[in-house]
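Please study the sequence and the model shown here.

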2 protein chains.
Amino acid sequence: MVTDQLSSTFAALADPTRRAILERLGSGEKSVTELAEPFDISLPGISKHLKVLEQAGLIERGRVAQWRPCRLQAAPLRTAVDWLERYRKFWEESFDRLEEYLKEIQRKKEDRHGQK
Amino acid sequence: MVTDQLSSTFAALADPTRRAILERLGSGEKSVTELAEPFDISLPGISKHLKVLEQAGLIERGRVAQWRPCRLQAAPLRTAVDWLERYRKFWEESFDRLEEYLKEIQRKKEDRHGQK
């Protein structure tokens, strides 16, 4: 199945372990063993996740045989943000409505106290 | 399987048809039939996609029996952007490096022309 780049990016991010791996790579390149440390997952399990991230272009792996450090590649994340940003006006609108609603409640509360 | 909200959001976005459905809902609420129109997919196929979007909280459906219009709910997209924004410095750095590299090539090209 051919998957478009944006779908691969989102699919790779749809897993908490894979997101945690990217977060750890944010502080610099790491070996598979180093990456596996904080997780309760076998090395082959981590390798599977790394393969998904690599195929999505979110990490790059060194070519030295024993030490193949993983590095974060953030460019696909930028494309994902660009896609999501088109919806900013919608979430800002719904936030504005919520804010308006909370203000309205506050006003009613104050009116009631004023009447006492 | 219990899935966290962010994973559900990214999984729902990892499909071009589902993203296209959200794009169409950007112009206002629509019935399932209206949503299905531009796609070469059966109504049950579209309904499956809508279920994924609804479970991820990205759409809301009206409660009137025959006419159950779908509406965009953008709040989960905001959480997704918040997560991705932490990586902005990484993609900006790699963009800066690319820009520097292109400038370097341009300089070398101009030097060669200058030597002629």
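**Reading charged pairs and a surface patch**

A: Let us begin with one pair: Asp4(B) and Arg19(A) form a salt bridge, their closest N and O atoms being 2.7 Å apart. This is a predicted model, in which local features need pLDDT of at least 70 and side-chain atom pairs count only at pLDDT 80 or more, while totals for chains, interfaces and linings use all residues. Residues are numbered from 1 along each chain as its sequence is written, chains are lettered from A and ligands numbered from 1 in the order in which they are written, and side-chain values use heavy atoms, leaving out hydrogens and water.

Q: What is a salt bridge, and how many salt bridges does the structure hold over all chains?

A: Side chains of opposite charge can pair when their charged atoms come close. The term denotes a side-chain nitrogen of Lys or Arg within 4 Å of a carboxyl oxygen of Asp or Glu. Over all chains, the structure holds 16 salt bridges.

Q: Where do Asp4(B) and Arg19(A) lie?

A: Helices (H or I, at least four residues) and strands (E, at least two) are DSSP runs, numbered from the N terminus. Asp4(B) is in the segment before helix H1 (5-13) of chain B and Arg19(A) is in helix H2 (residues 16-25) of chain A, so the pair joins two chains.

Q: Is Arg19(A) buried or partly exposed?

A: Buried means under 20% relative accessible area, exposed over 50%, and partly exposed in between (1.4 Å probe, protein chains only). Arg19(A) is buried, at 6% relative accessibility, whereas Asp4(B) is partly exposed, at 29%.

Q: Which residue forms a salt bridge with Arg86(B)?

A: The partner is Glu23(A), with the closest N and O atoms 3.0 Å apart. This pair crosses between chains, from the loop between helix H5 (75-85) and helix H6 (88-115) of chain B to helix H2 of chain A.

Q: What does the pair of Glu60(B) and Arg71(B) tie together?

A: Glu60(B) lies in strand E1 (residues 59-61) and Arg71(B) in strand E2 (residues 70-72), both of chain B, so the pair ties together parts that are 11 residues apart in sequence. Their closest N and O atoms are 3.3 Å apart.

Q: Which residues make the nonpolar surface patch of about 400 Å²?

A: Patches are made of residues with over 30% relative accessible area and no salt bridge; like charges are joined within 9 Å, and nonpolar side chains (Val, Leu, Ile, Met, Phe, Trp, Tyr) within 5 Å. Accessible areas come from the Shrake-Rupley method with a 1.4 Å probe; for residues, only the protein chains shown count as cover. Here Leu98(A), Tyr101(A), Leu102(A) and Ile105(A) make the patch. Ile105(A) belongs to helix H6 (residues 88-115) of chain A and is partly exposed at 38% relative accessibility.
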